[in-house]
Amino acid sequence: QVPLVESGGGSVQAGGSLRLSCAASENTINTACLGLFRQALGQWREGVASIRYGGYGTKYAESVKDRFTIWLDNGKKTLYLQMNNLKPEDTAMYYCAADDRCSTYGLSRRPERFGSWGQGTQVSVSS
């Protein structure tokens, strides 16, 4: 387990924007793949976006492509997810997670690949 601390959730109206942050250690930023996942009430946890260490490669869920952007700020040791044009169906608890095996197995959005998780931050989008 590595420490991951999310922030930036909140409540917005449809069409609005939010930026999620996930603070990590320098080692995590430099060696692990990081992902943002979400889980709505009664739903499975979904991989929203993930990024390879160093920022070399990203993956997105089809439902968020062209609306969400994931990136790393190595200097700040922080992962960011910019969420634009939010929709009510984006409402969920969002979690940051780290996969320290991605150098071997590649970048993934599958929750079972990620062994360390943050505490989550709530995003609520009203229509």
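Select Cys 33 and Cys 102 to start: the torsion about their S-S bond is about 90°, so this disulfide is right-handed. A disulfide here is a pair of cysteine sulfur atoms within 2.5 Å, and the sulfur atoms of Cys 33 and Cys 102 are 2.1 Å apart. Cys 33 lies in strand 4 (residues 33–39) and Cys 102 in helix 2 (residues 102–105), so the pair ties together parts that are 69 residues apart in sequence. Helices (H or I, at least four residues) and strands (E, at least two) are DSSP runs, numbered from the N terminus. Cys 33 counts as buried at 1% relative accessibility, and Cys 102 counts as buried at 0%. Buried means under 20% relative accessible area, exposed over 50%, and partly exposed in between (1.4 Å probe, protein chains only).

The model is predicted: local features need pLDDT of at least 70 and side-chain atom pairs count only at pLDDT 80 or more, while totals for chains, interfaces and linings use all residues. Residues are numbered from 1 along each chain as its sequence is written, and side-chain values use heavy atoms, with hydrogens and water left out.

Next, select Cys 22 and Cys 96, whose sulfur atoms are 2.0 Å apart in a disulfide. This pair links distant parts of the chain, with Cys 22 in strand 3 (residues 18–23) and Cys 96 in strand 9 (residues 92–99), 74 residues apart. The torsion about the S-S bond is about -75°, so the disulfide of Cys 22 and Cys 96 is left-handed. Both Cys 22 and Cys 96 are buried. A search of the whole structure finds two disulfides, and with the bonded cysteines numbered in sequence order the pairing is 1-3, 2-4.

Now turn to the aromatic rings. Rings of Phe, Tyr and Trp (its six-membered ring) pair if their centres lie within 6.5 Å; planes under 30 degrees apart count as stacked, over 60 as edge-to-face and the rest as tilted. The count by this rule is four aromatic pairs. Trp 71 is partly exposed at 28% relative accessibility, whereas Tyr 80 is buried at 12%.

Then select Tyr 95 and Trp 117, an edge-to-face pair at 6.4 Å centre to centre and 80° between the planes. Tyr 95 is in strand 9 and Trp 117 in strand 10 (residues 116–117), 22 residues apart.

A charge sits over a ring if NZ of Lys or CZ of Arg is within 6 Å of the ring centre and within 35 degrees of the ring normal. The charged end of Arg 45 sits over the ring of Tyr 95, 4.0 Å from its centre. Arg 45 also lies over the face of Trp 117, at 4.6 Å from the ring centre.

Arg 38 forms a salt bridge with Glu 46, the closest N and O atoms being 2.8 Å apart. Arg 38 is buried, with a relative accessible area of 7%, whereas Glu 46 is partly exposed at 28%. Asp 90 and Arg 38 also meet in a salt bridge (2.8 Å, N to O).

Technical notes:
A salt bridge is a side-chain nitrogen of Lys or Arg within 4 Å of a carboxyl oxygen of Asp or Glu.
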